[in-house]
Amino acid sequence: MATQTDAIAVIPKERPQGTYDDQGRLLIDGSLLEGGGQILRNAAALSCILGIPIKVINIRAGRQKPGLRPQHMTGLDLVSRLCGGRLDGCVVGSCQVTFDPGQIGQGEFVADTKTAGSICLLMQAAVPCLLFSPVPCRLLMKGGTNCDMAPQIDYTTMIFKPIAEKFGMQFEVDIRRRGYFPKGGGEVVVTSQPTQGLVGVPDALSLRGDLSKVYSRSFVAGNLPAHLSNKVSQTIARCVRQNFPGVSLQQDSLKEPDGAAIGSGLGTIIVAETSTGCLLGGSALGKPKTPAEDAGREASEELATAVHSGGCVDEHLQDQLILLMALAQGQTRVLCGPITLHTQTAIHIARLMTKAEFSLEVVDESKGTMMLTCEGIGHQNPYLSS
C-alpha cells in the first residue's frame, strides 16, 4: 500500500547538494540507492550531454565484486569516445573513475563487450548522447542481446523505442545476430537521428485505458529443440486467458535460424497494448535444468503484475524514461506502479546533475499506483538550435 509518506521518501523535498573535487568535477557516490551500473550509465550520459565533468566514487561498493566490470568499462569507454572525452580509472575493479567530457561528435562508433555483456545497457548510456550530435550516427555494438538482469533487445525495440519516440527520440535498430550467455557474440547496429531537443509528454502516459491486445515472441536458439518455444507459448496462452479473458492474443514461436545467433538460449517477451497506446511488458529467459514452461509462467506473472498495478508503464520502463523526462522541454506525467529502486536512483542522479523538478502523487493506495511528474530542463542541441 502506497502512501504520500512513501512518495516523499522517494523524492525528498530538498534537492541533493552537489560537491566537487579539487578539479571542479561533480562528485557522485556510486554506492547510493541501487548502487550498481545504472548510476554509471545515467551519470556518464548526462555528463556527456550537458558537459559536466564528473568523478564517481565507491563504484558498486556493496556488490560481491566491487568496482568496474568489463560491461561497465565498455559503456564508459563508448560514451567517452562519443564526445572525445577524457576517462581515467577505467580498469577492472576500479572503485573510482573520472570523466571530463568534450563535444559530442559524429560518425560510426564500435563497442564490443567481448562477453555476453548486455548490448541494451550500452544503448541506455550511448543512444541519448547521440540525439545531440550534429548529424545521424551509427553504433555497432557486440555482446549479449538477450541477457539476464538486463532488458532483452526485443524489449528495447518493442516497448522502449515506441514510447521514447513520443519524446522525439528517433533511432533504428538492426539486429544482425543474437548472442546469448555465456558466449555473447551478438551484433546490433543502431542508427540515431539528431534532435533539436526532446519534448515533454504531458498526457500520453497518464491515462491507462483498457487492455486491447497481447503479443508474445518465444524463441529457442542453438542446440535446443524447436518444440520448446511452442511449450513456452502454450503456457503464456493459458496465463493470458486466465488473467485477461477476451483480450486478443497473437503469438510467434520460433527457432533462430542457423547463423542468426551465437550460443544456445530460450526466452520470451510478452507485450500488452492498451486502448490509449500504452505498452507494458513481461519477459524471461530459460534457466539450465528447468522446464521451458517456467519461462512462460515467469514472463506472464511479470506482465500481470504490471497490468494490475494500474500504470501506463511497467517497472522496467519506469527508470529508463527518467533521463528523457529530465532533458525534455516542458512537463511529462507518467502513471506508474510502485516506484522501483532503479527509478529512485535515476531520479536522484537527474536531480543532482540537472535542474529538473520531479514530484510524485499517490493515485491508488491499494495498488500502489503513482503519478510521476517532471518539469524538464529543455536541453537544446547546440548544433541545431537557432
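How many bridges pair strand β9 with strand β12, and in which sense do they pair? The views below come from a predicted model, and the first one answers this.

**View 1. Strands β9 and β12 side by side.** Strand β9 covers residues 211-221, and strand β12 covers residues 265-274. The two pair in the antiparallel sense over 10 bridges. Look for K213, which stands opposite E273 in β12.

**View 2. The four-strand sheet.** β9 and β12 belong to an open sheet with the order β10-β9-β12-β13. Its pairing is mixed. Which strands stand at the edges? They are β10 (248-255) and β13 (279-285). Each has a single partner strand, so one side of each is left without a neighbour in the sheet. On average, neighbouring strands here are turned by 10 degrees against each other, direction ignored.

**View 3. Helices α6 and α7 on the four-strand sheet.** Helix α6 lies across β9, β10 and β12. It runs at about 165 degrees to β10. Helix α7 also packs on the sheet, where it touches β9, β12 and β13. The direction of α7 makes about 155 degrees with that of β13.

**View 4. The contact of α6 with α7.** Two packed helices are described by the angle between their axes and the distance between the axes. Here α6 (residues 227-243) and α7 (residues 293-308) pack at an angle of about 30 degrees, with axes 7 Å apart. Angles under 35 degrees count as roughly parallel, and α6 and α7 are therefore roughly parallel to each other. Their crossing is right-handed. From α6, the contact is made by K231, V232, T235, I236, C239 and N243. From α7 come E293, G296, R297, S300 and A304. These contact residues divide into four nonpolar, four polar and three charged.

**View 5. Strands β7 and β8, with E172 in focus.** Strand β7 (residues 170-179) and strand β8 (residues 186-193) pair in the antiparallel sense over seven bridges. V173 has V190 of β8 as its bridge partner. E172 is also placed in β7. Which residues does E172 contact beyond its neighbours within four places in sequence? They are K161, V189, V190 and T191. E172 and V190 are 18 residues apart along the chain, yet their C-alpha atoms are separated by 5.6 Å.

**View 6. Helix α5.** Is helix α5 (residues 153-164) mostly covered or mostly uncovered? It is mostly covered, with nine of its 12 residues buried. The buried residues are I153, D154, Y155, T156, I159, F160, K161, I163 and A164. K161, buried in α5, is one of the contacts of E172.

**View 7. Strand β4 and its partners β2 and β3.** Strand β2 (residues 54-57) pairs with strand β4 (residues 97-100) in the antiparallel sense over three bridges. In β4, V97 is the bridge partner of V56. Strand β3 (residues 86-88) and β4 also pair in the antiparallel sense, over three bridges. Here D88 has T98 of β4 as its bridge partner.

Methods:
Residues are numbered from 1 along each chain as its sequence is written. This is a predicted model: local features need pLDDT of at least 70, side-chain atom pairs count only at pLDDT 80 or more; totals for chains, interfaces and linings use all residues. Side-chain values use heavy atoms; hydrogens and water are left out. Axes are lines fitted to C-alpha atoms, for helices over the stretch in contact, and angles run from 0 to 180 degrees between N-to-C directions. Angles under 35 degrees count as roughly parallel, over 145 as roughly antiparallel, 65 to 115 as roughly perpendicular and the rest as oblique. A crossing is left-handed if the near helix is turned anticlockwise from the far one by less than a right angle, and right-handed if clockwise. Contact means heavy atoms within 4.5 Å. Ala, Val, Leu, Ile, Met, Phe, Trp, Tyr, Cys and Pro count as nonpolar, Asp, Glu, Lys and Arg as charged, and the others, Gly among them, as polar. Two strands pair if DSSP finds at least two bridges between them. Buried means under 20% relative accessible area, exposed over 50%, partly exposed in between (1.4 Å probe, protein chains only).
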